Each structure stands twice: as C-alpha cells, then as structure tokens.
Amino acid sequence: MKKIAVLTSGGNAPGMNAAIRAVTRAALAEGIDVYGVRQGYRGLVEDDIEPLSSSAVGGICHTGGTVLGSARCPEFSELEIRKRALENLSRKGIEALIVIGGNGSQTGSHALHEMGFPVVGIASTIDNDLAGPDITIGVDSALNVALEAIDRLKTTGASHRFAFLVEVMGRNCGYLALMSGLAGGAEAILLPEKDMELEDLVIKLKEAALNKKTTALVVVAEGAKNNASACMEYFRAHGERLGYQLRATVLGHIQRGAAPSAFDRVLAARCGGKAIQLLLEGQTGSLVGLMKGEIGAVPLNEIAGKTKGVDLQLLHLAEQLNCPTVKPEGDFVLVPKF
Ligand code: ADP
C-alpha cells in the first residue's frame, strides 16, 4: 500500500479534524502517501483531490469542523457516478480510501467497497445513529454544547419563572436529546423513538409548578413527532394552564461547531490509527469505532443503511429522577407568578 485518500462526509462533527490528522500522520509514519479529498464524495466525483503533507494537518486537532470540507452528494448512490469517482482515484494511483462520516457516508463507503475498492470507514457523526459503535466522534462535544446551553437557560428560567423547551439535533435519532435531557435534569424528553402526547406534557409542567420548581425543562429531539414549533403551537392555545411562561430555543447548528472535547480528540486519534492498521492488514470493508468500550471494527455490510436505537431504559430513569412528590388533581389552573 503506497497511496491512500481520506475524506470527510455528511454533517460536520467536532473531532473530524483530529481524525484527518490521525489518519494522515499514522499513514505517513508507515511510508504511505496521503491525499485529501475536498467536499466529501463531491470532491471524489469532481476530482478535487490533493496530496496531504504532515504540516498540512498540523494545528487542526483542537478545531471544530473539517478542513477538508463536506458536502451532500446525493448522486453518489448512482453506480455511474461512483465509477467516475473510482476512475479519479485510480488515475492518481490511490489504492484505498478512508471515509470519516456518519450513517449515509458509510452507506456510500460500503457501495464503493462492493465495487471492489478497498475502503475503511471511521464513525463520526453528532447524531450517534450508526449501528455498531457505542459512541461516534463528535457526540461528546455536541452533547456538552447542548448541556451548556441547557444550564444557561435553566439559570434564566429560574430567575423569571420560565419553562424552557430546548430542541436539539440528531435527525431521526433521539440520542442527543435523551442524554442532554438526562444530564440536564429535564422534566420531559420527547424523542422520535418515544413521543409524548402534548396533553401529558402539560401535566408534566403542571407537576413541576405544583412542586414549586422555579423552572422546568423540556428537551425535544428535532426528529420527534412534536418538535419545538409543534409544541409551541399547541401551548399557545393551552399556555394559561402551565404555571410557567414557556420559551422555546432551537439549538440547531450551534451544536456542530464546537471545539472537540478531550474524549472526541482521543477517540479520533485512536480510530485514525486503527484505520491505518486495518488497511495494512488488508482488513478493508470495515467501520472503525468504539465498540463495547474498545476501539474495534465491524464489517460495513453489517451496518450499512442500519441505524441504532436509543436505550429507552434511560428515558425511564430520567422520568424517575424527576418524580414529583405532589401530583396535580383535577383540571386545576395555575396562574404564573412573577
Ligand atoms: P451522514 O453521513 O452524516 O449520515 P448523509 O446522510 O447526508 O450524512 O450522507 C452523506 C453522503 O453520503 C451523501 O451526501 C451521499 O453522498 C452519501 N450517501 C448517502 N447515502 C448513500 C447511498 N445509499 N449510496 C451511496 N452514497 C450515499
């Protein structure tokens, strides 16, 4: 193995840069030349591929985003487009590809591998929806951003007797919402995997008010049936019954741009090193990530196109931890006090 390429694909995640650096330097240390592909699969198709030196990946492991860039490239699901990508790689003598990305990206890497090209994936997405890994590069940093925002909102909420509804990212996976709700002490958590009737959410907020909580927190996953705007629409009609003034905050892309946490940097370094090791051992067609607490690999064909569910026992735990002592009786009306 003399030449490989690396790309980042899908939504950017904190730690992608640390993974690019780790892949590049671990490969160079083994005498392998490295090429960087710009803008994910789009750069592969459009031949936007340049050599990466050791110094080119210097000073990036503490930064968020991806220096290689990332772009959606829906046409990559077409065979003819992927053939063009492989022609671009073989013209440069590139023998293998490392794909740093999430669920869709690893479906793309599996498709390339099925065409006979050696690929190793590195699991990186803030959504943590990839089947296989326990936790992917970027999740820990994104979770900490969500939690910091939640902590600040709770401070303001307690001062003004506001309840806050915080919408967090995660596409169709509720992992970020569940974990930030559990860590942030949410009164209610709404997930794509387990939604809550809005009438029940009213009861949760009433309970918090009855128990003299100065603020209440509802964490909503962006993929939940009732996202922040759906909840707010409902509450505009029922707000007088809550006991709090309700405010909604959609965290959105703020969660993506963080500097990677120590956990994500170490995970990225270890995954990058492992990916090069697998290439040298000829174990391609696999996805590298943290599996059962160890850096391991799983065949791409076992995970491509599959998503991971969340542990609903943790939702139950979050509910237990907010178990109110006083329960509302009847259809009482609470008037906000300021
Ligand atoms: P993520 O990897 O973060 O889940 P996306 O789902 O947007 O992000 O996927 C990133 C890219 O992966 C897409 O823009 C596309 O180029 C590629 N991709 C996604 N699904 C497929 C597929 N079924 N076949 C080939 N390529 C795919």
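In what order do the seven strands of the open sheet lie, and with what kind of pairing? In this predicted model, the strand order is β3-β2-β1-β4-β5-β10-β11, and the pairing is mixed.

Helix α4 (residues 103-114) lies across β1, β4, β5 (119-123) and β10 (286-291), and the helix runs at about 165° to β4.

Turning to the aromatic side chains, a search of the whole structure finds three aromatic pairs. A pair of aromatic rings is described by the distance of the centres and the angle of the planes. Two of the pairs are set out in the table below, among them the pair of Phe162 and Phe164.

| Pair | Centre to centre | Angle between planes | Class |
|---|---|---|---|
| Phe162 and Phe164 | 6.1 Å | 80° | edge-to-face |
| Tyr234 and Phe235 | 5.6 Å | 85° | edge-to-face |

Phe162 is counted as buried because its relative accessible area of 14% falls under 20%, and Phe164, with a relative accessible area of 7%, is likewise buried. Tyr234 and Phe235 are both buried as well. Phe162 has a further neighbour in Arg247, which lies over the face of the Phe162 ring at 4.3 Å from the ring centre.

Terms used
Residues are numbered from 1 along each chain as its sequence is written. This is a predicted model: local features need pLDDT of at least 70, side-chain atom pairs count only at pLDDT 80 or more; totals for chains, interfaces and linings use all residues. Side-chain values use heavy atoms; hydrogens and water are left out. Two strands pair if DSSP finds at least two bridges between them. Helices (H or I, at least four residues) and strands (E, at least two) are DSSP runs, numbered from the N terminus. Contact means heavy atoms within 4.5 Å. Axes are lines fitted to C-alpha atoms, for helices over the stretch in contact, and angles run from 0 to 180 degrees between N-to-C directions. Rings of Phe, Tyr and Trp (its six-membered ring) pair if their centres lie within 6.5 Å; planes under 30 degrees apart count as stacked, over 60 as edge-to-face and the rest as tilted. Buried means under 20% relative accessible area, exposed over 50%, partly exposed in between (1.4 Å probe, protein chains only). A charge sits over a ring if NZ of Lys or CZ of Arg is within 6 Å of the ring centre and within 35 degrees of the ring normal.
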